Amino acid sequence: MRTKETSEKEPGRGPLTTQLQLATSPSIKAVKAARNGRSTLSTVAGWAIRIFVVIVILEVISKFVSAEAMRWDVVGSYLFSPKVLSGVGLTLFLTVVAMVLGSVIGLLLALMKISNSLLLNVAADGYIWLFRGTPLLVQLLFWYNLASFLPKLTMGVPFGPQLLEFDTNTVVTAMMAAMLGLGLNEGAYMSEIFRAGIQSVDHGQTEAAAALGMSRRNAMRRIVLPQAMRVIVPPTGNQVISMLKGTSLVSIVAISELLYTVQVIYARTFETIPLLVVACIWYLFLTTVLSIGQHYIERYYSKGVNRNVPDSYLTKFKKVFGLGGRQPFATKEIAH
Amino acid sequence: MNADSDPIIQIENLSKHYGKLQVLRGVELNVYPGEVVCIIGPSGSGKSTLLRCVNHLEKPDGGVVRLQGETVGVRESRGSLVELTPAELARQRVDIGMVFQSFNLFGHMTVLENIIEAPIQVLGTSRSKAQEHAMQLLEWVRLEGKENTYPRQLSGGQQQRAAIARALAMRPKVMLFDEPTSALDPETVGEVLSIMRRLANEGLTMMVVTHEIDFAREVADRVVFMDGGAIVEMGTPAEVLDRPKEDRTRQFLSRILKSNSAAQS
Ligand SMILES: Nc1ncnc2c1ncn2[C@@H]1O[C@H](COP(=O)(O)OP(=O)(O)OP(=O)(O)O)[C@@H](O)[C@H]1O
Ligand SMILES: [Mg+2]
């Protein structure tokens, strides 16, 4: 088909070709000229913007750094103080526990949602509806105050005789309330991420596994989930980062995580801003470390797929300064 | 051929609906050990559905499939049919290999990992034994040196040969092929067909849904022509492809030969 078209075109130079020729041949120069003109203009504009951005950033930083209340010596003295460090530790611990709990619940909910059982579908949807539809802060307060509503936790036949009985306040401590509140809430969000991931894997993969005699469980574990991870990891990274910061909400139930720790200190010393900066420095440090980790996990799960993982900043810098194996931007510009 | 031995697959009065649409209408077919049966027919005639009922990827709503006399996917219990447990069904599927039009290789695994996965998981073969067998199979499908490659880095023809090797790794008694060359570039169709030809020569029992009439003529022991969910005509390649009795078969063949010759020029 294609060969026919070209062979008809070449010798004859019919009206259509002439039109095309007219349209293209003079314009090559014009396009080049325009591109050169535009590139000088856009270079000037580009530099103006860059300089403006740098000035704004420097201005903000200088205001912040040189402000009266900004006692950097105080920041320095608390940054690695044992109390703050243990707050950081507890923040990390809560993040890990809540994410693990949330992921387990999320995976279960996702499997319930894609199952063929109407009961399981409805149960999962109800859970997600409830936990996504109410504020996390309210949920935390709810778990914390559970004892006032259910003084005894019992297990047994619904509406019938109860077999096991616990004192609510001994089971649901503040710490327990925090972990439950964060984890149960996270489960609702993780379920959607898992479901999207599982459904992103072609159904043919499951069929091929079934045809080979693999059990549904093994097909899910060995074939579907590893491929779903490519879709699951990036939003989960976001969830981890917002969980890390979200743990600061549990300061409301007097858990001495990072925020509560610095709050307790500045309530005594009135060095509010420097201590909040201490907390921010730690939050920023931890989210940075997590983002770097996420980059490598994404790269791991994209094996076997020709999908480009975004460059890490290290690679970007290498490219800009021509340090990496690959050629820097310069080649692109020369080519134009 | 082999009419004196017992059929390895018996398809008895198989029917299947999707909602109101009846896709299979009482299909009857016996396949004998070592036989190659090619199934041809227009799009939507139920060829894939028939094949997928053989390994119970689709549940028929009437009739049964038997593998060596044993009903596939269901058990006869006091005159009615009961679904097998997933584990029992999985055990039956080990004996029935399947090759798909779109290959369906596991994308996150290398070719070697694709082949050894099911033998290790399902058959409990040791990793070293499974790898040894996989390397033999790869050589057999002429993919030596590709064991550590990911599917997406292979051509369509190479992927389909890897998929055939993966199915063979379970040492199936029967192989089902659903249009194994339809998704391939014309240049790579031949390499897959030649592997299938060699499998037929090895005496493997095969059910092949295909539009490759030349392959059917050369390799099939029997050709089945399906239309509208039923078998219209069945016989040796010479009977069905060269001297079809039914008008519908004749029309289908003239259409497909026309489109094949158009594609070649
Ligand atoms: N999962 C499904 N749900 C609803 N209808 C279906 C489903 N699968 C197949 N069908 C319908 O059943 C009919 C037979 O489909 P089948 O795939 O068996 O045909 P086929 O002979 O393999 O066709 P082709 O040559 O196009 O592959 C078609 O009309 C198709 O639209
Ligand atoms: Mg089909």
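User: How exposed does B:I120 count at 26% relative accessibility?
Analyst: The model is a predicted one. Buried means under 20% relative accessible area and exposed means over 50%, with partly exposed in between. B:I120 has a relative accessibility of 26%, so B:I120 counts as partly exposed.

User: In which helix is B:I120 found, and which residues does B:I120 touch, not counting residues up to four places away in sequence?
Analyst: The helix that holds B:I120 is helix 3 of chain B, residues 111–123. With residues up to four places away in sequence left out, B:I120 touches B:T125, B:R127 and B:A130.

User: How many Å apart in space are B:I120 and B:T49, C-alpha to C-alpha?
Analyst: In sequence, B:I120 and B:T49 are 71 residues apart. In space, the C-alpha to C-alpha separation of B:I120 and B:T49 is 29 Å.

User: Which strands stand at the edges of the open sheet of four strands in chain B?
Analyst: The four strands of this open sheet in chain B follow the order 2-1-4-5, with antiparallel pairing.

User: Which residue in strand 4 of chain B is the bridge partner of B:I9?
Analyst: Strand 1 (residues 9–18) and strand 4 (residues 62–67) of chain B run antiparallel and are joined by five bridges. In strand 4 of chain B, B:I9 has as its bridge partner B:L67.

User: Which strands stand at the edges of the open sheet of six strands in chain B?
Analyst: This open sheet of chain B has the order 8-9-10-3-11-12 and mixed pairing. A strand with a single partner strand has one side left without a neighbour in the sheet, so the edges are strand 8 (96–99) and strand 12 (230–235) of chain B.

User: By how many degrees are neighbouring strands of this sheet turned against each other on average?
Analyst: The value ignores direction. On average, neighbouring strands of this sheet are turned against each other by 20 degrees.

User: In strand 10 of chain B, which residue is the bridge partner of B:V37?
Analyst: Strand 3 (residues 36–40) and strand 10 (residues 205–209) of chain B pair in the parallel sense, over four bridges. In strand 10 of chain B, the partner of B:V37 is B:M207.

User: What angle does the direction of helix 1 of chain B make with that of strand 9 of chain B?
Analyst: Helix 1 of chain B packs on this sheet and touches strand 3, strand 8, strand 9 (174–178), strand 10 and strand 11 (222–227) of chain B. With the direction of strand 9 of chain B, the direction of helix 1 of chain B makes about 155 degrees.

User: Is the aromatic pair of A:Y127 and A:F131 stacked or edge-to-face?
Analyst: Six aromatic pairs are found over all chains. For A:Y127 and A:F131, the distance is 4.4 Å centre to centre, with 25 degrees between the planes. Planes under 30 degrees apart count as stacked. The pair of A:Y127 and A:F131 is stacked.

User: Are A:Y127 and A:F131 buried or exposed?
Analyst: A:Y127 and A:F131 are four residues apart in helix 5 (residues 118–133) of chain A, about one helical turn. The relative accessible area is 18% for A:Y127 and 11% for A:F131. Both residues are buried.

Definitions and conventions:
Residues are numbered from 1 along each chain as its sequence is written. Chains are lettered from A and ligands numbered from 1 in the order in which they are written. This is a predicted model: local features need pLDDT of at least 70, side-chain atom pairs count only at pLDDT 80 or more; totals for chains, interfaces and linings use all residues. Side-chain values use heavy atoms; hydrogens and water are left out. Two strands pair if DSSP finds at least two bridges between them. Helices (H or I, at least four residues) and strands (E, at least two) are DSSP runs, numbered from the N terminus. Rings of Phe, Tyr and Trp (its six-membered ring) pair if their centres lie within 6.5 Å; planes under 30 degrees apart count as stacked, over 60 as edge-to-face and the rest as tilted. Buried means under 20% relative accessible area, exposed over 50%, partly exposed in between (1.4 Å probe, protein chains only). Contact means heavy atoms within 4.5 Å. Axes are lines fitted to C-alpha atoms, for helices over the stretch in contact, and angles run from 0 to 180 degrees between N-to-C directions.
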